[in-house]
Amino acid sequence: MSVDRRTVIASGLFAASPFKALAQSNVHWDGIPRLMQGPVLGWCSSTEATVWTRASGAYAVSIQYDTDPRFSSATTTPALTAAAGDDFTQVHRLTGLTPGEAYAYRVLINGKPNPDEVGFEPHRLRVASVGPSRFRMAFGSCARRARYPVQPIWKAVKQAQPDLFIWAGDAVYADSPDPAVVAEEYRRQRDLPEIRPFMASVPQLAIWDDHDYGLNDHDRRHPQKDGALKVFKQYWPNPAAGLTGVPGTFFKHSQGGVDFFFLDVRYNRDPNMDPDTPQKTMLGKAQFDWLLAGLRASQAPFKVLVSGSGWSNSKAVGADSWASFTHERDRLFSLIMKEAITGVILLSGDTHFGEMNCLPWSDKGGYDLYEFVSSPLAQDTEDLFLGYRPILRVRQAYPKDVNFGVVDFDLTLPDPTVTFDLRDEGGQSVWAPVTVRASDLAPGQISWPKTLDTVSKLRWERFVATGRYY
């Protein structure tokens, strides 16, 4: 009787099955546990630090840290299991740190070092000092990865050695109402080789503006703003976001004796084109009241208000800035002056050119409010300011290159100082830095005449005399 050919083939397969089973036993059926994005260093205090991660799946992630880069006596944070509902993002809290000390840290996944970083130098962080100190903050806005897939400016920012970096809006250009697209843009931005070491070693804090909130000039009518807010909170390790019962991205952060108030200028924003009446709002009542209460309570020599939208009147009414919300803005400034709240500094982005402006509230019996503006980090520069309304510029608008701001605080002096510098992609100053003293930011003080450079002084005198700035 002949043997069926199929029987022979089948017997051959069965004979090979032990080897096949052995090979299959070495397969990583769930993939290789690793980081997809991060780590990102979040807010830091004098005894704590936070680290953001995004894992490749539902794995246990922790952070190991030590003053010894060999991790000879390391501490490890509690393992957190990444969850799909949070897009596998996590924020880890490093505690028991020594003020002013430098630490090495690395990411552990399922108890083992992240495989993609094995053999590399560990990440580094430095803890903030206790009490009033000297420290450097850098900031910027408008980083469009799709148009600028290579962003060398981050090397210059890192070389400036800031103790804190502030994203003043448009950290990504999602330009979509779909929160999934916003999340995808965050992931793509954080994969840039130039930005990864910077974000891992410098504390990051952020607000949003229109392009990372939704669409260009988007306001409270955004149909998926709660989804966008969820993504923002997943991707930014800020210390807080809004208040209980009051959604938003706004929060307060203190460092080195300076109080920073990060504002949400999108979630409650009325349409720009609505009439600029006393009822029109950018912040919403709850956030406005929170900000004013925080300013009243602050004893800091400097109080920095961070807004994605520019504070000055340079744009036309109806444009995307505080120029379309002057009643609300001026009510805030009037209360600051009336209640003798000292030391307020304004910070913003958005414009696609660098600026340093002054809002001369000394003319109204208060003090001069200085606005520091940096834009863009990675986006086309523009000279639209040539058609804007004249304002009191301390330094001329800078549209020649991408840029970032450097702000040095020195609270160790009897009269604390803040110095603003604007730097280009190579890390070079684009004009002479400006220093303002805490004593300049008090009711009855007129400080703007001594801060203007020659060109800005001549152009302002021309405007006062003839109505023409340029």
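**Aromatic pairs and nonpolar cores**

Phe-165 and Trp-167 are both buried, meaning under 20% relative accessible area, with over 50% exposed and partly exposed in between (1.4 Å probe, protein chains only). Their ring centres lie 5.4 Å apart with planes at 80°, so this pair is edge-to-face. Rings of Phe, Tyr and Trp (its six-membered ring) pair if their centres lie within 6.5 Å; planes under 30 degrees apart count as stacked, over 60 as edge-to-face and the rest as tilted.

This is a predicted model: local features need pLDDT of at least 70, side-chain atom pairs count only at pLDDT 80 or more, and totals for chains, interfaces and linings use all residues. Residues are numbered from 1 along each chain as its sequence is written, and side-chain values use heavy atoms, leaving out hydrogens and water.

The whole structure holds 30 aromatic pairs. Phe-260 and Phe-262 have ring centres 6.4 Å apart and planes at 40°, so they are tilted. Both are buried. Phe-165 and Trp-167 belong to one aromatic cluster, together with Trp-52, Trp-154, Tyr-186, Phe-198, Tyr-235 and Trp-236.

Now the cores. A nonpolar core is a set of buried Ala, Val, Leu, Ile, Met, Phe, Trp, Tyr and Cys residues joined through side-chain atoms within 4.5 Å. The largest has 68 residues, and Phe-260 and Phe-409 have the most contacts inside it. Leaving out residues up to four places away in sequence, Phe-260 touches residues including Phe-135, Met-137, Leu-164, Val-304 and Phe-409 (contact: heavy atoms within 4.5 Å). Another core, of 37 residues, lies apart from the largest one; Val-172, Val-182, Tyr-235 and Phe-404 are among its members.
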